[in-house]
Amino acid sequence: MNDEIRPASRSARGWINGFIGVLIFSGSLPATKAGITGFAPDFLTVARAAIAGIFALVILVVMRQRLPAAKYVPSLLLVAAGVVVGFPLLTALALQYVSSAHSIVYLGLLPLATALFGVLRSNERPKPAFWFFSVLGSVFVMGFALFQGGESTLTGDFCMLAAVLLCGLGYAEGAALSRHIGSWQVICQALVISLPVMLILCIAFWPETFRGIPAQAWSGLIYVALFSMLIGFFFWYRGLAEGGIAGVSQLQLLQPFFGLVLSALLLNETVSVVMIASTVGVIACVAGSKRFS
């Protein structure tokens, strides 16, 4: 009896942690958009990673964590390439050419990319019905984004597609590694590995002056550094590791809608009937994915 309860309890914890992580990540693109109103995309990318890396180093020292074993370093480098450097830089570059609304088209592919890399990096074998609900959920998100409209260019589209692929790889690799060394340890160690290079690049891209940078740009930088780059991963990697990479990754389908709800609450933006209908469809797909993952 206890052997049956423990896996169910672990899976439930995984979905709860994954849900919290998605809530935190929901503010990433709006915060990035706010950040590039005052900072260049290259500086924003390295600054957020450097700030998060300094905090990660402090956490590892305070918690008396040892250096990672040599066999884990290649995986940590993949995590760093995907979520510390690749996704932040490419999305910041893309948002110079595409609107936030249009970027949601590609975020709709992120759960599918994470699930695919998760299958390649673990022993998970979801049922065929899982892939049906995963693809259908992505179609709901992309269809909603296309209905919303928004500007796009070939350069921006390419950057967003590359960002999604790198991020999916970083998510899956970090989740698989979390099962061996712990969730928060993975992101902290990946950030610390990247820190020397990020500090050097931070100095190289240092703005000539910080005068005139709006408050929203500073707020965006603080959010993406502490929440998007660090705290969110504490919950996200643990959720993927405990609940299953393929299944829990589908919670990302809800991320665009959480971001729009935040915009409605904070910026008094209108919540449309199409948004509500799309959200209901996505929730059904996430439930279906959970059932067959």
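Leaving out neighbours within four places in sequence, Leu 109 is in contact (heavy atoms within 4.5 Å) with Ser 138, Met 142 and Val 164. Leu 109 sits in the loop between helix H5 (100–107) and helix H6 (110–121). Helices here are DSSP runs of H or I with at least four residues, strands are E runs of at least two, and both are numbered from the N terminus. At 25% relative accessibility, Leu 109 counts as partly exposed; buried means under 20% relative accessible area, exposed means over 50%, and partly exposed lies in between, using a 1.4 Å probe and protein chains only. Leu 109 and Val 164 are 55 residues apart in sequence, with 7.1 Å in space from C-alpha to C-alpha.

A word on the ground rules: this is a predicted model, in which local features need pLDDT of at least 70 and side-chain atom pairs count only at pLDDT 80 or more, while totals for chains, interfaces and linings use all residues. Residues are numbered from 1 along each chain as its sequence is written, and side-chain values use heavy atoms, with hydrogens and water left out.

Now step back to the whole chain. The protein chain has 13 helices and zero strands, so its elements, read from the N terminus, run α-α-α-α-α-α-α-α-α-α-α-α-α. Of its 293 residues, 52% are buried. Among contacts in the protein chain with a separation of 6 or more, 91% come from residues 24 or more positions apart.

Another pairing across the sequence involves Thr 155, which is found in helix H8 (residues 154–181). Thr 155 is partly exposed, with a relative accessible area of 42%. Thr 155 and Ala 94 are 61 residues apart in sequence and 7.2 Å apart in space, C-alpha to C-alpha.

Let's turn to helix H10. Helix H9 (residues 183–204) and H10 pack at an angle of about 140°, with their axes 7 Å apart. The axes are lines fitted to C-alpha atoms, for helices over the stretch in contact, and angles run from 0 to 180 degrees between N-to-C directions. H9 and H10 are therefore oblique to each other: angles under 35 degrees count as roughly parallel, over 145 as roughly antiparallel, 65 to 115 as roughly perpendicular, and the rest as oblique. Their crossing is right-handed, meaning that the near helix is turned clockwise from the far one by less than a right angle, with anticlockwise being left-handed. On the H9 side, Ser 183, Trp 184, Val 186, Ile 187, Cys 188 and Leu 191 meet Met 229, Leu 230, Phe 233, Phe 234, Tyr 237 and Arg 238 in H10. By class, the residues of this contact divide into ten nonpolar, one polar and one charged. Here Ala, Val, Leu, Ile, Met, Phe, Trp, Tyr, Cys and Pro count as nonpolar, Asp, Glu, Lys and Arg as charged, and the others, Gly among them, as polar.

Ser 183 is buried, with a relative accessible area of 10%. Not counting residues up to four places away in sequence, Ser 183 touches Ser 178, Phe 234, Tyr 237 and Arg 238.

H10 has another partner in helix H4. Helix H4 (residues 73–94) and helix H10 (residues 215–243) pack at about 135°, with their axes 13 Å apart. These two helices, H4 and H10, are therefore oblique as well, and H4 passes H10 in a right-handed crossing. From H4, Val 79, Val 83, Val 84 and Pro 88 meet Met 229, Phe 233 and Tyr 237 in H10. The contact of H4 with H10 has seven nonpolar, no polar and no charged residues.

What about the rings? Rings of Phe, Tyr and Trp (its six-membered ring) pair if their centres lie within 6.5 Å; planes under 30 degrees apart count as stacked, over 60 as edge-to-face and the rest as tilted. By this rule the count comes to 16 aromatic pairs. One of them, Phe 233 with Tyr 237, is tilted, at 5.2 Å centre to centre and 40° between the planes. Phe 233 and Tyr 237 both lie in helix H10, four residues apart, about one turn of the helix, and both are buried. Ring pairs also link Phe 25, Tyr 171, Phe 233, Trp 236 and Tyr 237 into a cluster.
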